[in-house]
Amino acid sequence: MKQLFPYYPIHIFPFCRYNKPMTILDVKNLNLGFNCENGFKQALYNVSFSLDKGKMFALVGESGCGKTISAMSILQLLPKTAKITGGEIIYDGKNILNCTRKEMQKIRGAKIALIPQDPMTSLNPLYTVGDQLLEVLKIHQNLEGKEAFNKAVDAFEMVQIPCPKIRLKSYPHEFSGGMKQRAIIAMALCCNAEILIADEPTTALDVTIQAQIMNILKKIKEQMKTAILLITHDLALVGENADEVSVMYAGRIIENAPANEFFQTPNHPYSIALLNALPSNKNKLLETIQGHPPSIHQIIHGCKFHPRCNYCMDICKQEVPQMFIIEQKHHSACFLNK
Ligand code: SF4
């Protein structure tokens, strides 16, 4: 197969966009690192992906692979030690990496909202959930009084919180974990956010509540045409919900594909190993991936997966694999495709 030129600039190839729905956010060749005690350490390498209206895009990978920091770069909620060293994040026709703090405040929450991993710590325990929701409506929509209250009730209904008028007067501790997560989703809905970033949104919840939250996200995606960026390590969740998948490993996207194609014909050895590690009902022993993902302090030449890869060749230890085209919208960074 033919090799593409330098690292992952898939967005510059018009044929990759053929038949694509409307893209509302484009992350292009994002590079980021951290100032550490022993110098600057690169954590993201040319990360590129896009979010389409009414679609759920999943960024998948093990903890520490860079998926959350990629998402936080969009919101510019980065730790002080983090530094974006290259790339663009195009939203509404402009590179939001150049936005001022004030401009970002208008985008954050109102246009691009975050559903965090832990709903327990995302609401202020001293105020009722309704007060917090009404504050969001006042800041981002300039709505107050009855109009704001009605909008809050509608949002609670959309996320299936029963007796919304009563529940708006409850304090966060009176809500279960699932209800808190729904209240946070309701805040994003109130502002008609175009993009929802759901960072492991169901990790802290039990399985039945997980399914309810994912159903709500799917409904929002379909009815309100919201673009959803799902950050997760849970491939089962991706298989059931996402439209497109990118797999990250050690700060790089190593495979991207439409979700159905990814699950039917995964290409990259790391993706295949992840899928083989999923529990099946065929009484098979669970497969594991030997070793650990590298930290940003470890220097690994060539393909960063090579110390764990069963198919490692000489070239893998010397050169970084570029993205190879597998199918029209399916790419994989592995020399086996050369
Ligand atoms: Fe394995 Fe080489 Fe492919 Fe990396 S490039 S995944 S080491 S075969």
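The following legends describe close-up views of a predicted model.

Local features are described only where pLDDT is at least 70, and side-chain atom pairs count only at pLDDT 80 or more, whereas totals for chains, interfaces and linings use all residues. Residues are numbered from 1 along each chain as its sequence is written, and side-chain values use heavy atoms, with hydrogens and water left out.

**Figure 1. The largest nonpolar core contains 65 residues.** A nonpolar core is a set of buried Ala, Val, Leu, Ile, Met, Phe, Trp, Tyr and Cys residues joined through side-chain atoms within 4.5 Å. Buried means under 20% relative accessible area, exposed means over 50%, and partly exposed lies in between (1.4 Å probe, protein chains only). Leu133, Phe156, Ile185, Leu196, Leu217, Ile220 and Tyr270 touch the most other members of this core. Helix α6 (residues 177-190) contributes nine residues, the most of any element; helices (H or I, at least four residues) and strands (E, at least two) are DSSP runs, numbered from the N terminus. A second, separate core has 35 residues, among them Leu44, Val47, Tyr91 and Met104. In soluble globular proteins, nonpolar side chains tend to be buried together.

**Figure 2. Tyrosine 270 has contacts with residues beyond its sequence neighbours.** Contact means heavy atoms within 4.5 Å. When neighbours within four places in sequence are left aside, tyrosine 270 is in contact with Gly61, Glu62, Val247, Met248, Tyr249, Ile254, Ile289 and Phe305.

**Figure 3. Helix α4 (residues 145-158) crosses α6 at roughly 125°.** The two axes come within 9 Å; axes are lines fitted to C-alpha atoms, for helices over the stretch in contact, and angles run from 0 to 180 degrees between N-to-C directions. Helices α4 and α6 are therefore oblique to each other. Angles under 35 degrees count as roughly parallel, over 145 as roughly antiparallel, 65 to 115 as roughly perpendicular and the rest as oblique. The crossing of α4 and α6 is right-handed: a crossing is left-handed if the near helix is turned anticlockwise from the far one by less than a right angle, and right-handed if clockwise. Lys151, Ala152, Ala155, Phe156 and Met158 of α4 meet Ala183, Ala186, Leu189 and Cys190 of α6. Eight residues of this contact are nonpolar, none is polar and one is charged. Here Ala, Val, Leu, Ile, Met, Phe, Trp, Tyr, Cys and Pro count as nonpolar, Asp, Glu, Lys and Arg as charged, and the others, Gly among them, as polar.

**Figure 4. Helix α3 (residues 129-141) packs against α6 at about 20°.** Their axes are 9 Å apart. This angle makes α3 roughly parallel to α6, and the crossing of α3 and α6 is right-handed. From α3, Val129, Gln132, Leu133, Val136, Leu137 and Gln141 meet Ala183, Ala186, Met187 and Cys190 in α6. The contact of α3 with α6 comprises eight nonpolar, two polar and no charged residues.

**Figure 5. Helix α7 (residues 207-224) packs with α6 at an angle of about 15°.** The axes of α6 and α7 lie 10 Å apart. Helix α6 is thus roughly parallel to α7, and the crossing of α6 and α7 is right-handed. The contact joins Gly178, Gln181, Arg182, Ile185 and Leu189 of α6 to Ile209, Gln212, Ile213, Ile216, Leu217, Ile220 and Met224 of α7. Eight nonpolar, three polar and one charged residue make up the contact of α6 with α7.

**Figure 6. Helix α1 (residues 67-75) is mostly covered.** Eight of the nine residues of α1 are buried, namely Lys67, Ile69, Ser70, Ala71, Met72, Ser73, Ile74 and Leu75. Just after α1, glutamine 76 takes a positive phi of about 55°.

**Figure 7. Asparagine 29 and asparagine 46 have positive phi values.** Most residues other than glycine have a negative phi. Asparagine 29, in strand β1 (residues 23-36), has a phi near 45° and is buried, with a relative accessible area of 19%. Asparagine 46, in strand β2 (residues 39-52), has a phi of about 45°.

**Figure 8. Alanine 110 occupies the loop between α2 (101-107) and β6 (112-115).** Alanine 110 counts as buried, at 9% relative accessibility. Leaving aside neighbours within four places in sequence, alanine 110 is in contact with His140, Cys191, Asn192 and Ala193.
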